[in-house]
Structure formats: structure tokens, C-alpha cells
Amino acid sequence: MYNDPTHQAANPSAPVPNANSTTNPSPGKVGVDGGVNKVDSLLSTSSALASPHNQYQQPMTNDDRNYDGDNPASSTDGNNTTLSSAALELRLTQLRSASSTLSTTLTQKLATSQSGQNLLHIGSSLSTLPPDLFTLLSTLAPFSADVTLYEESNRNELARIVSKGNDIKSMRRRCIRGRECADMLEDLCCAEVDVERDGKRRVRLELMMSGAVINVNECDEEELDELTHVSSLERAAHTTLHLVQELRSSTAEMSAFTSTQSSSNTTTNSSSSDSKNINSSNSNNSLLPSLHTPLPDDTEKAQLLLKLAPRIRTLEREVVKCLVGRLEIVLGQMKIRKMEVDSDVHDDDDDDEGSKEMKKAIEDESLLMIGHCLRGLALLGRGKEAENTFARVAIMPLIRSKISMGRLDEGGSRGECAGLFSLLDDIAFSIASTFGSVLQLSEGIFAVSKNDEGVKDVPTQSPLPMEVDLVTCGVWVPIATALMADTGIRMAIFSPGIASILQANYTALDTFLSELAVSLLRKSSSRDCSDKAGESGSNSSSFSEDNFESLYFQPIITNETIKNAQSRIYQHEKTTEFAKKWNLPIYYQLRFGECCTRLNKALVKTQCYGWNSNVFTGADTLASDMRHKEGFELSLFLELYDILLSLWKADVILRPLTHRFLRGAVQLLGRTIAFVKDGLEGSIKFGEDRSGSATENGSLSINGDASKSSVENEYHWGDRVDDVASVAWELTLLETCITHDYLQKIVSVVAPSDVANQSNMFNTEPELTELRAIISDVLVEASQEINPMIHKCWNEVIAGILTKKCSAPLSAVKGVAATYRMTNRPPPTQHSPFVSTILRPLKEFDAMFANRTPPQVGMQWKVFVVTTVSARYSVAVEELLATVQRTEVTLKSRKARRTAAGGMSDGEKVKLQLYLDYKEFAKNVEEVGVDGTSIPGVVKLESSTKEAESFQQKNVGDGN
């Protein structure tokens, strides 16, 4: 085959002449990813084909010489002739076309491989690439090596600079930490000196308190400055706190460093084999060293602190011990001064102004020292130590000196705890007068508000945090512990076995607890006067180096402060434990049993002797007042209402049992309503019981009725209209009292709106409002059965009884016809006598109970009686008129009719009498307050007797 350029273009691996060498480069290997050898081969081929000049410079082979583009036969010509210009141009065109095709193919292959993409960065296409890439690479190789060496030297120089900079930073950090360690060590030594000095001072003060004589002149002036020394102990507490925090931080740092080192060793061993396979190109791409890189951890400071850990822990214990000891001494001194004041027989007027000022200065200095001690203990997180010390040294001795069984029963018999009120008041007054200033100082220092930073996330109902709470843990907890620890005192207070004593004890302690914060934190009048005098003195004199009283801390006790203190008392766990000692359910059972006994006796006596029997067990004056105020007349309802009121008396009610007492009141009310309902329905009978069927405690028999053989004159009171009306009126008054006066009574005791009466109630105003609404709903629901019973009494029972009584005279209607039949009597001129008696029972009853008719009943019961009676009356009249009409027809047919005097027949006389009776009945209807025109029976009577109206006019005209 001849050497065709198109064949070479189609086969890139074929040898292509090089412009600078007569040798053909080795063909590149074809790889999957288009490797370097393949790319170099394609570039060489493309370079050769892209330049016609290079093609012409190549020696021509025999095939080329014998090739004729237009004449194939010329290839076989053996003569060596030169190609024509046309042939050369044609071949140039063919080579350019093949070069363009190969360039496009090569560009596509380069774009699909990583190495090709790197080459394309040099030029956007093959036309922009260097004509000979190999030559270019060979030329740039020395320059590239120099750049690499320069870059390596710069990297080394940078690493050296960074290393030196890190050494400087490390040494600087070491110097700073060294100074910190030196300062901490110096502070540690100073604190140890303060602690050691305090031991000597405490020994000297104990000797002074014991009465030993000490020569003051032999003591150094610095040693006598107790206030400065106590302030140094607070400074030692600050130092200890800082050292402890640094020690904790160092311990955590060493733990983290140790764990990091162990994890680093494990990681290094596991990745040692992988590190050998890292490519050198990756090392060249590593990050450059920088001065911004953090220094490795330095544990020298942590190691030093760990070595000082025993001394720091010892210092912490000793500082706490010194502060507690100093607090004990100062509290003891205050207690001694208080005892001296109480035992002093001289009046305060005998003391000069200098003595008073000296006492006040000593008091202020003691408060300052106590403030230093409390703050120091709070800094170290030992607020409990301060609280326990105050309780042990100040409060417990005072409580032990006052609480005893004799003091508890003072003013009463054994076991009555008559002296509990005065005992608790004495304890509160003694604590406030002796240590009230200390409690105020503690609250002023450590009390927090909802607006303070860090406590805004505390729930509303949760107590605010207190580092030192002397009011709760220092005063209330010791008192509660003392009352619960002694068996005799605990049994006498919490389990007396008598309801009245238990209620009095609970009320005394509840009042004491509710007013404890106010009693302890409210300044006394004497201290107010001294504070005002001190303020006026400080304001009148200018500040000097020897007068620091104006700079002393003055606690501000507000109502919010007292409220927060009271809240902490109520929510303390000791208060919960104290409340569980009361056996309140048993107390309620005792009180409710007493009420049930009273009510059962009243019901039994009423059942035996009737509603008018006197069953009220209270005083006559009380009954008179209740009749005048509430309007009750029957003594059973007086007894019931007095029982209901007794549940909420101050010497009976206990506020934690409000729900039980309210339920008991509803049960007692329901018991009475059931008794009335059973009697009204005829389930029980009333009558005198002579056999003593009622039990001794007043309870009824099982079936609620006495034996028939032992009861005389038994009756159903529901058949007596007077009893029914009286009971209905009493029920009306009871319903009104329950939903109004009784409701206000309960609310005034349980949820008063007066702020002055809410001192012992730990409830917010929304809670009190909700409580009032609940009580109102309960009472309204309990009284719902009363109103239907009232309507039943009047509209059914009373109306039925009166209807029966009023209907009895209607039997006389039939006798009207007999009066005038064949008697030859003159025509009637007035109504029959029985007509006036028809509505007489209604008139008499209405006159008797006109002022005791329930407003909700109205006229319905009266209209019912008149309607029923008039209907029966009209029916009787219709029947009589029908009989008269039949009689007249019979007499007329037999011609036996006679004309009487006046010309009226017997039938007409009867009709006239009935007409006169109707007129009287209609008049009586109007007199009872009922409109006759709206009553169907009355209208029917009028229509039935209207015919006789003409007879009356005729009779009047005839002069009869």
C-alpha cells in the first residue's frame, strides 16, 4: 500500500515524521483514561499535521514521488518527476482537512480525561498550544527545578520563623502563667496566715467571753481590730473560692489532656501503615505553617495546682471552720448583751448619750462581722453551714429555754394547750428582739427579686433561690423540729383527742406560721428610733476618715421581701412534714358527727311533736336574732341554719378542710330536704311518740317511722294545709339564705376580699376569685331541689287541699230545686247561704298566709283552685237546670202547672235563685283576687243563668 496521509490520520499510532528529527516517535499506548503516553503521541501527530511547512521539509519517499493526485497511473510511473503545483495544493488541502478532524477528535478526548484537562488550561484549543510541547517541557525543566528549590527554601524559612514565633509565644504564655501561679501561691500563703491568726484570736475571744482577765495593753493594736480581721477572713474566702475554681479547671484540663494523648497514640498506631502510601504531591499541597495556629496545651500550671491541691482543700476546710467559729462567737456575744439588757434594773433614761452611742457602735460592728461571715460562707457554697450555725447557736437554746409542758398548759388544765398562743408569741418576740437585725441583714444581702438577672426563668410558683436563708432554715426549721421532736409536746399539740383543742392548736400554729416573716423582719420601734438618730447624726456631721457609719450597709426590707420570705417558709419541706402531723380528717369527722347528732335529734323531735315543737338547742337570744334577721319561724329550720353556720365559726373551721366542711353543709341541707320531701309525699307520719322509739343520740329508726302501736294521733302533715304552707315558706327563706347570706359567710371566712384578713392565706387574688365562684356554684346546685318542692307545695298540695274544701259546699246546689218545687214560696231576692261558704277556706287561707306566700309561686295556685271549683259549680248548675227543664215539660204536658204568686213558675224561681247565687260567687271570686272573666267555669255559670236576669227585673218591677 502506498503511503497515504489519510491512512496516517486514521491511524494515530502510525509513525509520523517529526520536524526536528528524522526518527519517528514511539506510538503512545491507548489507555482507558487517556494516559500521558497517548496524549504525547496525539500531540506529536497533531503538531506534524498542523504545519504544511514541516511536511514539505520531510524527504519524499518513492511512493510520494510516484503519486499523482489526478492520474492514478502516475503512481506506477518509474520516472522520478517533480509533483505539479496542482497536486501539491490538493495534498495541502487534504492534509489541512485531516489535521482539523484529528484536532477536533483530540480535543474531545482531552476534555474527557484529567491530564487532558490540565493541558487544555494552557490553551483553549490545539491551535493555541506550543508547536512542540516536548521541547517546551524540556526547556522549562531547569526553571521549574529552580522554582521548586526556591519554594522549598521559603517554606523552610517560614517554618523556622513560625517555630521561633511559637517559642516566643510559648515563653510569654509561660511567663504569664508563672506570674499567675506566683500570685495564687502568694494568696494561698496569705490566706493560710489569716487562718492561722484567726485560731489564736478565737482562743483569746473565748477567754474573754469566759471572764478571764486579759491585759489589753499587752496586745498589739492590729490584733485588737476584730472587724478588720473578720474582713480578712472574707477575703480569704474569696481567695479560696478562686483557688478551688482554678483547681477544678486544672483537674478537668489534665483529664482532657490525658484522654487526648491516649487517643492520639491509638490513632498514630492504627494509621502508621496508611501514612506510607501518601503521595508526594499531597505533601506539596499541605498547609503552610502559620503563627495563627494554636499552641499545644501547656499543663505546667495545672500540674502545679494539682500539687497544691492538698493545701487548697485544707485551706477551704479551715476557712469554713474559721468563719463558722467567728459567727458563733459574734452570735454568742449578741445573746449575752441581750441577756444583760434584760437583767438590767436601771431605766434607759439613766444611760447617757455616750453609753447609747457605744452600744449602737458595738451592735453595728457585730452586724458588720456577721455580714462578712455570711458572705464568706455563701461564696464557698456553705450557706447551709451558716444556717445550721445560726439555728444551733442562736435559736435552739432560746427555744429549749421556753418550750415545756408546763409552759404549754399555762392558763388551763393539763392537756388543753392553753398557753400555746402566748408561747409562740413569746418565741417570735424574743427572736425578733435579739436577732432581728441579723435576720434583716441576711434578707437584705441575699434576697433576690423576680427582676434580678438570673432569676427571670424561675417559675412563678417556685420560691426564689437564696444562698443563706436564716428566716426559714435558721428560725422556722428549729421551731418545727422542737415541736415535733418531744413526744409529749407532739402528742399534746397534734393529737389531743378533743376537737376544740385540736382546732385551737392548729389555729395558733397556723397564725404563728403565717405571720412569722412579718414578726421577724419588721423593725421594732426602738430600733427604728435608733436608726433615725444615727441617720440624723451622720447627716449633721461631715464625713471624716474616722467616721464610716454613713457607708455601712443598710438592709432594705420591703413588702416584697417579706412576701418572698413567707413564700419560702410555706414551700419548705419541713413545712410539708409539719402539716402531715395534723390528723385533720379525724377532726372533720368529729365536727361533722356533732352536727349530725344535733340535726337528727331535731328531726326526731319534730316528727314526734310536729312542726311547731321547739327543737332549737341554742340560746333564746340567738333564736330571736335569727327570727328577726333571717325570718325563720319553725324551730327545725332555726336549728338547721344554726348548724350550718356553726361549721364556719372561727373556733371550728380549718381552712385546709374547706372542701370537707362545704361538702358536710351540702349533706346536712340534703338530709333536711329529704325529710321534708318524705313527709310531703306521705312516706313518714307525724305524731306523739311515748315509747321512746327515738334512740338516745337522736337518730331515727331504720325505716324513718315509729312503731304503730307506740304512736298516737299519727297523721301526714302533707294533709294539713297550714303545715304545708309554713314549711314551704321556711324552705323559701332557707333557699334565700343559702344562696346569699350563707354564701357571704363562707366567703368571708375562706376567701375574704379584705386584704387585712388574708394574712394567713397563701393564695393569689385570682385563686381567691376562683374559690368564691366554686363555693357559689356548689351552694346554688345544692339548693336547686328546694324551689321545685316549693312549687309542689303550693300548686299541687295546697291547691288540692283547698280545692277539696271549697268543693264540699257544692253539694247544696241540688237542694235549690227542692226549695221551690210545690212550696208556693215567693221568688228569691238574695243568694243561697251555702254560696258564701264555697270560697271561704280559700279566703281564710289567703288572709293567713298573704305575707308568707313565696314570690315565685304567684297567683297560679289560687287560679287553679277557683278554676277547678267554678268548673264543678257550673257542672252542678247545668245538671240542675236540665232537671228543672225536664220537670217543667212534664208538668206542662199534664196541665198541672199552676201559676204562683207574682206569676212565676217554680222553675223560674229556681233559675232566679241560681242567677243570684252566681252573682254572689262571682263577687267572691273577685274578692280573692282572681279575674272571673278569665275563668271558664265562671263564664259558663254566667251563660247558664243569664236567662234568669229577666226574671229578676220582672220580680223587681212587680215590687217583690
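Modeller: Start with a charged cluster: K402, R407, E410 and D426 are linked in a network of salt bridges. Keep in mind that this is a predicted model.

Biologist: How far apart are D426 and K402, N to O?
Modeller: Their side chains meet in a salt bridge at 3.2 Å. D426 lies in helix α15 and K402 in helix α13, so the pair ties together parts that are 24 residues apart in sequence.

Biologist: Is D426 buried or partly exposed?
Modeller: Partly exposed, with a relative accessible area of 26%.

Biologist: How many salt bridges in total?
Modeller: The count comes to 32. One of them joins K301 and E180, with the closest N and O atoms 2.8 Å apart. That pair links distant parts of the chain: K301 is in helix α11 and E180 in helix α7, 121 residues apart. K301 is buried, at 14% relative accessible area. E180 is partly exposed, at 33%.

Biologist: What does K911 pair with?
Modeller: K911 forms a salt bridge with E947, at 3.5 Å between the closest N and O atoms. K911 is in helix α35, while E947 sits in the loop between α36 and α37. K911 counts as buried at 11%, and E947 as partly exposed at 47%.

Biologist: What about E730, then?
Modeller: E730 is in helix α27. It is buried yet has no salt bridge.

Biologist: New topic. Which residues touch the most others in the largest nonpolar core?
Modeller: That core has 200 residues, and F390, I493, W611, Y742, W794, Y873 and F921 touch the most other members. Helix α11 gives the largest share, 14 residues.

Biologist: What is F390 in contact with?
Modeller: Beyond its neighbours within four places in sequence, its contacts include L331, F435, L470 and V475.

Biologist: Where is L305, and is it buried or exposed?
Modeller: L305 is in helix α11. It is buried, with a relative accessible area of 2%.

Biologist: Last one. Which residues are buried in helix α33?
Modeller: P841, L842, F845 and D846 are buried there. They cover an arc of only 125° around the axis, which puts them on the same side of α33.

Terms used:
Residues are numbered from 1 along each chain as its sequence is written. This is a predicted model: local features need pLDDT of at least 70, side-chain atom pairs count only at pLDDT 80 or more; totals for chains, interfaces and linings use all residues. Side-chain values use heavy atoms; hydrogens and water are left out. Buried means under 20% relative accessible area, exposed over 50%, partly exposed in between (1.4 Å probe, protein chains only). Helices (H or I, at least four residues) and strands (E, at least two) are DSSP runs, numbered from the N terminus. The arc is that of the directions from the helix axis to the C-beta atoms. Lys and Arg count as positive and Asp and Glu as negative; His and the chain ends are not counted. A salt bridge is a side-chain nitrogen of Lys or Arg within 4 Å of a carboxyl oxygen of Asp or Glu. A nonpolar core is a set of buried Ala, Val, Leu, Ile, Met, Phe, Trp, Tyr and Cys residues joined through side-chain atoms within 4.5 Å. Contact means heavy atoms within 4.5 Å.
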